[in-house]
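Here is a short briefing on one protein model. Look over the sequence and the fold before reading the points.

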Amino acid sequence: MSRDELDHRVTNNTMLTCKQASQLISQSLDHPLSLSNRIQLRFHLFICDACSRFRKQLKQIGIALQRMRQLTENDDSITLPTKIKVRIIDWVASKHL
Ligand SMILES: [Zn+2]
């Protein structure tokens with residue numbers, strides 16, 4: 001579901017489903033949500049422990065990935081095996097990126 005479709009669906013319903021809430025949580029990591037989506041998500045998180053845990057876990061994963069990146073990006077001793085490089089190049093080529 002595209003961001004616009006989700007925006008439209010969410011703003012036309014007063015109560016988010018857990019699926020919609022989890023999609024908004026994921027999207028919020030990449031870019032700011034609209035005001036109406038933020039309000040609806042906050043309300044959903046207030047009443048839903050499962051989505052609150054999901055949000056917390058995603059944040060923790062993001063922090064861990066950021067730490068890992070900081071530790072590894074300037075370490076020249078870390079290299080990818082050629083076999084892995086070829087797989088990545090093939091995957092990117094298959095996606096026409
Ligand atoms: Zn939920």
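Predicted model: local features only at pLDDT ≥ 70, side-chain atom pairs only at ≥ 80, totals over all residues.

The protein has 5 helices and 0 strands. Along the sequence the pattern reads α-α-α-α-α.

**Overall fold**
- Of the 97 residues in the protein, 13% are buried.
- Contacts were counted between residues at least 6 apart in sequence, and 55% of these join residues at least 24 apart.

**Packing of α2 and α4**
- Two packed helices are described by the angle between their axes and the distance between the axes.
- Helix α2 spans residues 18-30, and helix α4 spans residues 49-72.
- Their axes lie 10 Å apart, at an angle of about 25 degrees.
- Because angles under 35 degrees count as roughly parallel, α2 is roughly parallel to α4.
- The crossing of α2 past α4 is right-handed.
- From α2, the contact takes in Cys18, Ala21, Ser22, Ile25, Ser26 and Leu29.
- From α4, the contact takes in Ala50, Cys51, Phe54, Arg55, Leu58 and Gly62.
- By class, this contact of α2 with α4 holds 8 nonpolar, 3 polar and 1 charged residues.

**Nonpolar core**
- In soluble globular proteins, nonpolar side chains tend to be buried together.
- The largest nonpolar core here has 7 residues.
- Its members are Leu16, Ala21, Leu24, Ile25, Leu41, Leu45 and Cys51.
- Helix α2 and helix α3 (35-47) each supply at least two residues of this core.
- Helix α2 gives the most, with 3 residues.
- Ala21 and Ile25 belong to this core, and both also take part in the contact of α2 with α4.
- Cys51 is likewise in the core and in that helix contact, on the α4 side.

- Leu16 sits in the loop between α1 (3-11) and α2.
- Leu16 has 22 C-beta neighbours inside 10 Å, so it counts as buried; the cut-off is 20 or more.
- Leu16 and Leu45 are 29 residues apart along the chain, and their C-alpha atoms are separated by 9.8 Å.
- Both Leu16 and Leu45 are members of the largest nonpolar core.
- Beyond its neighbours within four places in sequence, Leu45 is in contact with Cys51, Ser52 and Arg55.
- Cys51 and Arg55 are also among the α4 residues that meet α2.

**Arg42**
- Arg42 lies in helix α3.
- Is Arg42 buried or exposed? Arg42 counts as exposed, because it has 10 C-beta neighbours inside 10 Å and the cut-off is 12 or fewer.
- Arg42 and Ser52 are 10 residues apart in sequence, and 9.5 Å separates their C-alpha atoms.

Notes
Residues numbered from 1 in each chain as written. Helix = DSSP H or I, 4+ residues; strand = E, 2+ residues; numbered from the N terminus. Contact = placed C-beta atoms within 7 Å. Axes fitted to C-alpha atoms, helices over the stretch in contact; angles between N-to-C directions. Parallel < 35°, antiparallel > 145°, perpendicular 65-115°, else oblique. Left-handed = near helix turned anticlockwise from the far one by under 90°. Nonpolar A, V, L, I, M, F, W, Y, C, P; charged D, E, K, R; others polar. Core = buried A, V, L, I, M, F, W, Y, C linked by C-beta atoms within 7 Å.
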